[in-house]
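Student: Hi! I have a new model open and would like to talk it through with you. Shall we start with the annotated positions?

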Amino acid sequence: SYLFSFVLGASGGIGQPLSLLLKNSPLVGELSLFDIAHTPGVAADLSHIETRAHVTGYMGPDQLDAALKGCDVVVIPAGVPRKPGMTRDDLFNTNATIVATLADAVARNCPEAMVCIIANPVNSTIPITSEVMKKYGVYNPNRVFGVTTLDIVRANAFVAELKGLDPARVNVPVIGGHAGKTIIPLISQATPKVEFPADQLSALTARIQDAGTEVVKAKAGAGSATLSMAYAGARFTFSVLDAMNGKDGVVECAYVRSEETECKYFSTPLLLGKHGIEKNLGLGKLSAFEENLVADAIGELKGSIKKGEDFVANIK
């Protein structure tokens, strides 16, 4: 079955490589691209690729509804990137407004779609999306995902590098949220099993938590993680599409509505199915070090969630 996928923010630094990866996939039948500028050019360029996906480009607010009609999966990388010295939270006002507008259009045009949010700060943009969809009475917590896959991809790459393993075979669950200390890599649950001395574990954890800033600094004002984020966004989207197509045993971590901790939203490994989340696999057995990381993250996460909810409550 070929599904209709849709990228909001398709002309941006993440949107273009993400659209390329989706166009390259046999899972995608229709690829609908939307942005406020340049989309016709991106769509024309991608349409010359010899793969099955049919590409359509939409541009500007008046084409947003048409772009979303009938979509099965909506991926939202839209928003402004980080610059050196900025936190993900500094993007809040700009990106919160963009995400609320797009969530409103999704609620009106394709309320049944799987919604995958990449736009930062994810810890707040998922509560924003959920609250907007609640206003329309179409919120389904099993279909709204904060894409944290880049944290897992980075953890896998860094652990493989330190241990001389094939990164494609390493799997490190990462739970919590998607900013700084809310990013909690569960090295104790990694497969294959790996062990690090305390000082190395602490340094590795900090590197995973701050990896986004590593890229922002290296790009020296020219943006944030775009290529690795596009790869991670595509990986998550393909997992969702595989599960919708009936593939068994598809597990990805994502930031979702959750009862696993005292936070309303929390990322954990999820078993995906035809209708989104089939089962939340929870935190699993944590080491003492990881339990402390979770305890440290809760306060910040609750604040970010409330900030997102308050933003929607105050929309005129």
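This is a predicted model: local features need pLDDT of at least 70, side-chain atom pairs count only at pLDDT 80 or more; totals for chains, interfaces and linings use all residues.

Student: Where is Arg88 placed?

Tutor: Arg88 sits in the loop between S4 and H4.

Student: And is Arg88 buried or exposed?

Tutor: Arg88 is buried, because its relative accessibility is 10% and the cut-off for buried is under 20%.

Student: What does Arg88 touch?

Tutor: Setting aside residues up to four places away in sequence, Arg88 touches Arg82, Asn120, Pro121, Arg154, His178, Ala179, Gly180 and Gly212. Arg82, Asn120 and Arg154 in that list carry the UniProt "binding site" feature too.

Student: OK, Arg154 next. Which helix is that in?

Tutor: Arg154 lies in helix H6, which covers residues 149–163. Arg154 counts as buried because its relative accessibility is 8%. Leaving out neighbours within four places in sequence, Arg154 is in contact with Arg88, Ala211, Gly212, Val215, Ala225 and Ser228.

Student: Changing topic: which residues touch the most other members in the largest nonpolar core?

Tutor: Val74 and Ile128 do, in a core of 50 residues. The elements that each supply at least two residues of this core include strand S1 (3–8), strand S4 (73–76), helix H5 (122–135) and helix H10 (288–313). The largest share, nine residues, comes from H4.

Student: Which domains does this core draw on?

Tutor: It takes at least three residues from each of domain 1 (3–147) and domain 2 (148–304).

Student: Back to Val74, what does it touch?

Tutor: Not counting residues up to four places away in sequence, Val74 touches Phe6, Leu8, Leu68, Val106, Cys110, Ala113, Met114, Val115 and Cys116. Apart from this core lies another one, of 40 residues, with Val55, Ile118, Met229 and Ala230 among them.

Student: Last one: which residues does the annotation "domain: Lactate/malate dehydrogenase N-terminal" cover?

Tutor: In the unreviewed UniProt entry, that annotation covers residues 7–146. The span is 39% helix and 19% strand, and its end C-alpha atoms lie 15 Å apart.

Conventions. Residues are numbered from 1 along each chain as its sequence is written. Side-chain values use heavy atoms; hydrogens and water are left out. UniProt positions are given in the numbering used here, feature names are shortened, and annotations may be inferred rather than shown by experiment. Helices (H or I, at least four residues) and strands (E, at least two) are DSSP runs, numbered from the N terminus. A nonpolar core is a set of buried Ala, Val, Leu, Ile, Met, Phe, Trp, Tyr and Cys residues joined through side-chain atoms within 4.5 Å. Buried means under 20% relative accessible area, exposed over 50%, partly exposed in between (1.4 Å probe, protein chains only). Domain bounds come from an automatic or database domain assignment. Contact means heavy atoms within 4.5 Å.
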